[in-house]
Amino acid sequence: MVSDSATPAHGADVSSDRTTPSELKLKRAEQELRVTWRDGRESVFSAVRLRKNCPCATCRTERETQSTDLLPVLKQAPSEISLANARLVGSYAVQLVWSDGHDAGIYDYKYLRAMDEDS
Ligand SMILES: [Zn+2]
């Protein structure tokens, strides 16, 4: 579980500094996840963006379906869903828990770093 500040445990298997956070902060008030990487870079991810890029199978399928669906079912807008919690998963990922109960998304650090460099 991540409170306002947590330092992920680093295993013996040291991966690249680029994809290893030195600090993770969940800012509930701002609805942001802030990651400081060991190479010094700081990334700020908005909750909306994280939710839109949720890597779980359900959301991936949903995104693929929506792009081809002519009459997409109106669902709760991502902006109405807030980021409730974040839990560290081993030393490679963070699991995000949303206000609608969705918690299947495991965001591995390589994925987050790629998402940040993509912007
Ligand atoms: Zn998902």
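Modeller: Start with one term: a residue is buried if 20 or more other C-beta atoms lie within 10 Å of its own, exposed if 12 or fewer, and partly exposed in between. By that rule, 17% of the 119 residues of the protein count as buried. Keep in mind that this is a predicted model.

Biologist: How many helices and strands are there in the protein?

Modeller: The protein has three helices and six strands. Read from the N terminus, the order is β-β-β-α-α-β-β-β-α.

Biologist: Which strands form a sheet with β1?

Modeller: β1, β2 and β3 form an open sheet in the order β1-β2-β3, with antiparallel pairing. β1 and β3 (42-46) are at the edges with a single partner strand each, so one side of each has no neighbour in the sheet. On average, neighbouring strands here are turned by 15° against each other, direction ignored.

Biologist: How many bridges are there between β1 and β2?

Modeller: Six bridges, in the antiparallel sense.

Biologist: What joins β5 to β6?

Modeller: Three bridges, and the two strands run antiparallel. V94 has Y107 in β6 as its bridge partner.

Biologist: Changing topic. Which residues touch the most other members in the largest nonpolar core?

Modeller: That core has 14 residues, and L33, L50, L83, A86, L96 and L112 touch the most other members. At least two residues each come from β2 (32-37), α1 (47-52), β4 (83-89), β5 (93-98) and α3 (109-117). β2 gives the most, with three residues.

Biologist: Take L50. What does L50 touch?

Modeller: Leaving out residues up to four places away in sequence, L50 touches L33, F45, L83 and L96.

Biologist: Now the loops. Where is A29, and is A29 buried or exposed?

Modeller: A29 is in the loop between β1 (21-27) and β2. A29 has 5 other C-beta atoms within 10 Å, and 12 or fewer is the cut-off, so A29 is exposed. A29 and S82 are 53 residues apart in sequence, with their C-alpha atoms 9.8 Å apart in space.

Biologist: Where is Y92?

Modeller: Y92 lies in the loop between β4 and β5. Y92 is partly exposed, because 17 other C-beta atoms are within 10 Å. Not counting residues up to four places away in sequence, Y92 touches D108 and Y109.

Biologist: How far is Y92 from P21?

Modeller: They are 71 residues apart in sequence, and 9.2 Å apart in space, C-alpha to C-alpha.

Biologist: What share of contacts join residues at least 24 apart?

Modeller: The share is 42%, among contacts between residues at least 6 apart in sequence.

How values were computed. Residues are numbered from 1 along each chain as its sequence is written. This is a predicted model: local features need pLDDT of at least 70, side-chain atom pairs count only at pLDDT 80 or more; totals for chains, interfaces and linings use all residues. A nonpolar core is a set of buried Ala, Val, Leu, Ile, Met, Phe, Trp, Tyr and Cys residues joined through C-beta atoms within 7 Å. Helices (H or I, at least four residues) and strands (E, at least two) are DSSP runs, numbered from the N terminus. Two residues are in contact if their C-beta atoms, placed from the backbone, lie within 7 Å. Two strands pair if DSSP finds at least two bridges between them. Axes are lines fitted to C-alpha atoms, for helices over the stretch in contact, and angles run from 0 to 180 degrees between N-to-C directions.
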